[in-house]
Amino acid sequence: MLTLKCAACKNKLWKYRKYGQGALLRCHKDRITKIYSYETHGDKICCQCGQVVGIDKGSYLKMVHKGFTTKGTKINT
């Protein structure tokens, strides 16, 4: 389970179940288990401080690599 935080202000965004060892390029909405806080501006997903962390693509979020940090473990399959 990974906890995603804003890279700018370190505010918690959400908890996510990540499968596999690759980089976090997408967050599938059905794998987000707990939402702490974020804002939407059109199709952009932003932290409360204004940092863009992802783009809404329907069933998943395309993540902006420099917009967030992660802490936790990935699930090996």
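Tutor: The structure holds 1 aromatic pair, where rings of Phe, Tyr and Trp (its six-membered ring) pair if their centres lie within 6.5 Å, with planes under 30 degrees apart counting as stacked, over 60 as edge-to-face and the rest as tilted. This is a predicted model, in which local features need pLDDT of at least 70 and side-chain atom pairs count only at pLDDT 80 or more, while totals for chains, interfaces and linings use all residues. Residues are numbered from 1 along each chain as its sequence is written, and side-chain values use heavy atoms, with hydrogens and water left out.

Student: Which kind of aromatic pair do Trp14 and Tyr38 form?

Tutor: The ring centres of Trp14 and Tyr38 are 5.5 Å apart, with 80° between the planes. Because planes over 60 degrees apart fall in that class, the pair of Trp14 and Tyr38 is edge-to-face.

Student: Does Trp14 count as buried or exposed?

Tutor: Buried means under 20% relative accessible area, exposed over 50%, and partly exposed in between (1.4 Å probe, protein chains only). Since Trp14 has 0% relative accessibility, Trp14 counts as buried.

Student: And how does Tyr38 count?

Tutor: The relative accessibility of Tyr38 is 33%. Because this value lies between the limits of 20% and 50%, Tyr38 counts as partly exposed.

Student: Over the ring of which residue does the charged end of Arg26 sit?

Tutor: A charge sits over a ring if NZ of Lys or CZ of Arg is within 6 Å of the ring centre and within 35 degrees of the ring normal. The charged end of Arg26 is 4.5 Å from the centre of the ring in question, which belongs to Tyr60.
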